[in-house]
Amino acid sequence: MKEQFTTNVINLKSYNISESDKIIVMYSKEKGIIKGVAKGLKKMTSRLGGRMDLLVANKMMLAKGRNLDTICQAEALNTFFSLRQDINKLFYAMYCCEIVSNFGIENDPNSKEIFDLFYKLLESLSKADTKTQAMLFVIRFQLKIMDITGYSIEFKNCIKCSKILKKDMVFFSIENGGILCDSCSENVIKKVKVPYKIIEFLQTLLIEDFTTETIYDKLATEKICNVCINLLKKYIEYYSPKQFKTGQILESIR
């Protein structure tokens, strides 16, 4: 009998391998990225059914295989149903899903942190009352997953000389991973001027807990959130080991 194991997962993507079977790519709480064969999933009699849909969290039992594990059972923990009732929420969730897929690895040492963060993101998006509220959760997710995976952005001090910056406008360098003072920015070609208030906003969302309400939750507008999401999207794409496919989706919901 094959060895079995149980883990909590969130479904990231799937693809066909036969007329009735699919491979489900998941992010698991204990093992990072895992793949499992859902046998007979496309048959009407399949016991797995909607639990194999994308962006569904399951408690899953798998049987270890030589190359691929086999999905034996799945108990839905959360379907995040409300995501599918709002196209904006769904697109944001798909974008964040691709971030996890691109940066997640097998036997990920950060698996618990990333799983918990992704789960909170999907749950929070589901419950968001406004578009701005949903966007704030996306910004939090962008900041925190880059921090967890080792690509945290420096918002307080100049990334080169460590000078504390507090002025109306500062330079931000994607390549250098943070803000720059005027002197250090002179030899940096790819840089963008950003209002310091935006930098303070991002720093606050980075250091506060994911679900903690900050002063910016009431002050932020869709316009401000768009600027932040786009800035962070470029940063994430720069360091991503894989090319993004959903980046253009965000453009369609502005």
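Start with a cartoon of everything: the secondary structure of the protein chain comes to 8 helices and 8 strands, taken as DSSP runs (H or I of at least four residues for helices, E of at least two for strands) and numbered from the N terminus. The radius of gyration is 20 Å, close to the 18 Å that the globule rule gives for 254 residues, so the protein chain is as compact as a globular protein of that length. That radius is taken over C-alpha atoms, and the rule is 2.2 Å times the number of residues to the power 0.38.

Before you click further, keep in mind that this is a predicted model, where local features need pLDDT of at least 70 and side-chain atom pairs count only at pLDDT 80 or more, while totals for chains, interfaces and linings use all residues. Residues are numbered from 1 along each chain as its sequence is written, and side-chain values use heavy atoms, with hydrogens and water left out.

**Whole chain**

Show the C-alpha trace along its principal axes, and it fills a box of roughly 65 × 35 × 30 Å. Switch to a surface next: the protein chain exposes about 13200 Å², with carbon and sulfur atoms supplying 49% of it (Shrake-Rupley, 1.4 Å probe). Colour by burial and you'll find that buried residues make up 50% of the 254; buried means under 20% relative accessible area, exposed over 50%, and partly exposed in between, with a 1.4 Å probe and protein chains only. Of the contacts (heavy atoms within 4.5 Å) between residues at least 6 apart in sequence, 60% join residues at least 24 apart.

**Largest pocket**

Now select Leu12, Lys13, Glu98, Ser101 and Thr246, which lie nearest the centre of the largest pocket among its 14 lining residues. A pocket here is an open set of points on a 1 Å grid over the protein atoms alone, where a 1.4 Å probe fits, with protein on both sides within 12 Å along at least five of seven lines; lining residues have an atom within 4 Å of a point. The space in this one is about 320 Å³, counted as what is filled by probe spheres set on the points. The lining of the largest pocket divides into 6 nonpolar, 4 polar and 4 charged residues.

**Second largest pocket**

How big is the volume of the second largest pocket? About 270 Å³. Select Phe172, Ile174, Val192, Leu231 and Lys234, the closest to its centre of the 14 residues that line it. Then bring up β8 (192-195) and α7 (222-239), the elements that give two or more residues to this lining; α7 gives the most, with 5.

**Two single stops**

Zoom in on Tyr151, in the loop between α3 (131-148) and β6 (169-173). Tyr151 is partly exposed, at 29% relative accessible area. Beyond its neighbours within four places in sequence, Tyr151 is in contact with Phe103, Met146, Tyr235 and Tyr239. Draw a C-alpha distance from Tyr151 to Gly177, 26 residues apart along the chain, and you get 7.6 Å.

Last, pick Lys64, in the loop between β4 (57-63) and β5 (69-78). Lys64 counts as partly exposed at 34% relative accessibility. Not counting residues up to four places away in sequence, Lys64 touches Lys2, Glu3, Phe5, Lys31 and Asp69.

Methods. Ala, Val, Leu, Ile, Met, Phe, Trp, Tyr, Cys and Pro count as nonpolar, Asp, Glu, Lys and Arg as charged, and the others, Gly among them, as polar.
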